[in-house]
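Me: Walk me through this one, please. I'll ask as we go.

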Amino acid sequence: MLEATAPDSPIAKYLEKRGPGLHHITLRVENIDVALEHLKARGARLIDQQPRPGAEGARVAFIHPSAAHGVLVELKQAAARPARSTAHITRYGLGDLELTSLYDGFFARDGGSMFGVVPRTLWAPKAPPDDRNRIALAMRPLIVRGTRTLLIDAGLGDKENEKFRDLYAVDRARHLDHALAEAGLSPEDIDIVLATHLHFDHAGGFTVRDGAGRLRPRFPRARYVVRRGEWEDATHPHERNRPSYVQDNFLPLADAGVLELVSDDQTIMPGVRVQRTGGHTMHHQIVWMESKGQRAAYVADLFPTAAHLPDAWIMGFDLFPMETLAARKAFARDVRERETLVFFPHDPAVSAGSLVDVNGRRTLRPTPSGPFES
Ligand SMILES: [Zn+2]
Ligand SMILES: [Zn+2]
């Protein structure tokens, strides 16, 4: 619905000449290139063969009225959400627990690897690739404050060399130290570090190099909780998973005697429980948080970003994709039955939200701050 805001505006002139009425109908489409190809293949007459820029960063194209019973129809693809958000922490209350989504900067990975069998035509509009076909990813560790202060994963850390940082477009201008300070915490405040798995983008921040070049645990007072099977796999890598497991990220924990291996799904501190999903790695685990009837989940690489919500949008990295599929279905069933705040480890723009079904499609409703906060 449009009205003129000035007597000499284009809309005022149009109304003066032709009077009020229906000018055109706009249909929102998810991918305008696909929609236009679809129409062309069916012989529909188009005004715009290619999309053109519309207002607010949208891309639009008009279908000729003769192809739509005399009605002018516009297709509109809304502007992609920002490629990535600026780094900031987000706090959420969950009963007696306080959850703070942190950041360890951004990196980028090949879009094809990130979406497995899904063709680029489909994923590119949701995760725009750069000129080296990489998509932007955040690293978002999570702090859980309850009876203890627990950190889930710790991002990439700063031990990687220039070649690595170039390959993965590492941007840690603002990193975990900044995020912890924003949250009012120092590394000494962390009691427990909990690993979802030991890939470098989750465990890199577990260790640091001191002034003498020696590796030591980054969080001096913490015990580090790791799934036993994941530890075995990470310390005995094979050709396929070796690049993901950087031994300097976790071997020093065993040397320092701060490593605690757990074998089963269990409670790590009151209100915080781990559950093995497998799939991404054999012993990959997610973390459930629950207090006073409210629930949240840190899904780690089960759903790395909100763009990975469709069941089959599984990473090429996953060692056991059919297990990922089963774990996703089980997780989706579970959170459909009970409202759950879901934290994503790598989404470039969103730290948390709830999963909702829109027209039968799993969709994210972002939660900018705690839904449960009073
Ligand atoms: Zn991973
Ligand atoms: Zn990851």
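Reply: A definition first: on a 1 Å grid over the protein atoms alone, a pocket is an open set of points with protein on both sides within 12 Å along at least five of seven lines, a cavity is a set where a 1.4 Å probe fits but cannot get out, and lining residues have an atom within 4 Å of a point. The model is predicted, so local features need pLDDT of at least 70 and side-chain atom pairs pLDDT 80 or more, whereas totals for chains, interfaces and linings use all residues. Residues are numbered from 1 along each chain as written, chains are lettered from A and ligands numbered from 1 in written order, and side-chain values use heavy atoms, without hydrogens or water.

Me: How much space lies in the second largest pocket?

Reply: About 500 Å³, a volume being the space filled by probe spheres set on the points, which are joined across faces, edges and corners. The second largest pocket is lined by 13 residues, with M1, L2, G21, H23 and H24 the closest to its centre. Helix α1 (residues 10-18) contributes the most to that lining, 4 residues.

Me: And how many cavities does the search find?

Reply: There are 2 cavities of 30 Å³ or more in the whole structure. The largest cavity holds about 70 Å³ of space. Its lining is F107, R109, M114, L137, H199, D201, S244, H280, D301, M315, F317 and H346.

Me: Metals next. Which residues are the protein donors of the zinc ion (ligand 1)?

Reply: H197 (NE2), H199 (ND1), H280 (NE2) and D301 (OD), at 2.1 to 2.3 Å from the ion. Donors here are N, O and S atoms within 2.8 Å of the metal (3.2 Å for Na, K and Ca), and sites may look incomplete as water is not among the atoms. Along the sequence these donor residues are spaced H-x1-H-x80-H-x20-D.

Me: Why is the arrangement around the zinc ion (ligand 1) irregular?

Reply: Because the 4 donor atoms subtend angles of 88 to 175°. Four donors are tetrahedral if all angles lie between 85 and 135 degrees; four are square planar, and six octahedral, if opposite donors are over 155 degrees apart and all others between 65 and 115; anything else is irregular.

Me: What bridges the zinc ion (ligand 1) and the zinc ion (ligand 2)?

Reply: D301 does, and the two ions lie 3.5 Å apart.

Me: Are D301 and H346 buried or exposed?

Reply: Both are buried, that is, under 20% relative accessible area, with exposed meaning over 50% and partly exposed in between (1.4 Å probe, protein chains only). H197 and H280 are both buried too.

Me: Now the core. How many residues has the largest nonpolar core?

Reply: It has 27 residues, and L102, L180, I190, L198, F206, F219 and Y224 have the most contacts inside it. Such a core is a set of buried Ala, Val, Leu, Ile, Met, Phe, Trp, Tyr and Cys residues joined through side-chain atoms within 4.5 Å. At least two residues each come from α6 (176-182), β14 (223-227) and α8 (228-235). The largest share, 3 residues, is from α6. A second, separate core of 24 residues includes L142, L150, A296 and L341.

Me: Where is L142 found?

Reply: In strand β9 (residues 142-145). L142 is buried, at a relative accessible area of 0%. Neighbours within four places aside, L142 is in contact (heavy atoms within 4.5 Å) with L99, T100, S101, L150, L151, I152, M289, Y298 and F343.

Me: Which residues of α8 are buried?

Reply: G229, E230, W231 and A234. These pack against β14, α9 (251-255) and β15 (259-262).

Me: Last, the chain overall.

Reply: The protein chain has 10 helices and 22 strands. Of its 374 residues, 48% are buried. The C-alpha trace spans about 80 × 50 × 40 Å along its principal axes.
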